Amino acid sequence: MARSPLSSAYWDGFRKGLPFLLIVAPFGALFGVLATEAGLQVFETMTFSMTVFAGAAQLTAIQMLNEGAPTAVALASALAVNLRMAMYSASLTPYLGAAPLWQRAFIAYFTVDQSYALSIAHYETSPEMSLAARIRFFFGTMTPIVPAWYASSLAGAVLGAQIPESWALDFALPITFLAIAAPMLRTLAHVAAAFVAVAVALLAAGLPFNLGLIVGGISGMMAGARVEVMLREKGLWDER
Amino acid sequence: MNGDTVQLWIIIVGLAIGSFTLRFVFLGLIGDRPMPDWLLRHLRYTAVAIIPAMVAPATVWPAATGGTPDLARLMAAAVTVVVGYVTKNLFAAIFSGAGTLYGLFYLLG
């Protein structure tokens with residue numbers, strides 16, 4: 001079956017996005033249920049999901065509202081959970097920065113863990129990809145995920161539908177993301193970055209506002225960059 | 001409109017604007033302007049640092065077990081990483097990890 005490179009980039013992204021329905025659907029339903037329990041109307045829940053489009057931050061905000069936190073604290077906590085999005089944005093810039101502004105705005109709205117991780121993994125291993133193909137791939141990953149996010153939020157809010165806990169879908173998140181990250185460990189610098197990030201994130205897991213993730217992530221990035229410099233100085237850096 | 005509703009809408013609008021700003025800040029404002037080498041060098045490790053840091057606490061202390069480390073989940077994570085590293089294949093890693101998880105649930109009861 002002959003397909004144009006652009007169309008095949010889109011469908012490649014689409015296929016790789018599919019397994020993430022296992023995370024997005026239970027997560028969206030959970031948000032819908034908890035939002036309703038917190039007293040939100042369906043319209044409010046759906047506006048929340050469609051404008052913010054960031055599950056973990058939304059759950060944080062709902063939890064803070066339930067606990068009666070001041071508005072500013074709830075807002076700041078939820079934004080702190082989303083800080084990693086700024087790092088994703090920076091990391092995507094060398095690959096997508098040349099796109100027209102309106103496309104970059106859409107990409108920004110759709111920048112979530114899944115689209116970022118799948119896209120950056122693909123861009124790194126396919127440096128010959130055109131800008132147009134990269135953009136198609138990015139939107140391909142989101143095509144199954146976006147409707148599932150909206151629909152599952154609605155199902156959770158309206159039906160109170162939740163996936164049974166015995167399915168252990170909580171663990172779909174670690175498995176799917178580890179499955180993206182492991183093939184990316186191409187050099188010693190990447191391995192060092194991952195190990196330091198995990199170690200620091202576990203040690204800093206007690207920090208409020210999910211900041212352990214940011215501290216761990218930045219520590220890992222610094223370790224990776226440092227090892228890369230050391231390998232370059234020794235002439236051992238393999239440019240891939 | 002009561003106070004709760006006002007608070008909710010402040011949070012929805014604030015979080016919508018704030019989240020978009022975080023996502024747009026680099027991609028939108030830097031665009032295709034060159035970035036310094038040291039910054040690019042750090043950004044090369046964003047994914048391999050942030051993704052493992054994000055899943056590590058959920059792997060070691062799963063919420064579903066009340067935070068007690070769980071053999072099936074730890075083994076499933078380990079198999080996923082090893083298969084992903086060796087095969088470089090997303091689907092092979094996901095299916096072997098999920099297979100390990102449910103296989104161990106079945107064996108360990």
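Let's start with chain B: of its 109 residues, 44% count as buried, where buried means that 20 or more other C-beta atoms, placed from the backbone, lie within 10 Å of a residue's own. The model is a predicted one, in which local features need pLDDT of at least 70 and side-chain atom pairs count only at pLDDT 80 or more, while totals for chains, interfaces and linings use all residues. Residues are numbered from 1 along each chain as its sequence is written, and chains are lettered from A and ligands numbered from 1 in the order in which they are written.

Chain B holds 5 helices and 0 strands; helices here are DSSP runs of H or I with at least four residues, strands are runs of E with at least two, and both are numbered from the N terminus. The C-alpha trace of chain B spans about 50 × 50 × 20 Å along its principal axes. Its radius of gyration is 21 Å, whereas a compact globule of 109 residues would have one near 13 Å; the radius is taken over C-alpha atoms, and the globule rule is 2.2 Å times the number of residues to the power 0.38.

Now follow chain B to its partner. The contact between the chains takes 61 residues from chain B and 78 residues from chain A, two residues being in contact if their C-beta atoms, placed from the backbone, lie within 7 Å. On the chain A side, helix H6 (residues 84-96) gives the most, with 12 residues. That side has 56 nonpolar, 15 polar and 7 charged residues, with Ala, Val, Leu, Ile, Met, Phe, Trp, Tyr, Cys and Pro counted as nonpolar, Asp, Glu, Lys and Arg as charged, and the others, Gly among them, as polar.

Chain A itself is divided into domain 1 (5-169) and domain 2 (185-240), with bounds from an automatic or database domain assignment. The centres of these two domains of chain A, taken over C-alpha atoms, are 25 Å apart. Here 6 residues of domain 1 are in contact with 6 residues of domain 2. Helix H5 (71-81) of chain A brings the largest share of the domain 1 side, 3 residues.

Finally, look at helix H8 (residues 113-125) of chain A. Because 10 of its 13 residues are buried, H8(A) is largely enclosed by the rest of the structure. Among those buried residues are A:Asp113, A:Tyr116 and A:His122. Their cover includes H1 (5-17), H6, H9 (131-159) and H10 (172-181) of chain A, together with helix H3 (46-60) of chain B.

Key: Buried ≥ 20, exposed ≤ 12 C-beta atoms within 10 Å, placed from the backbone.
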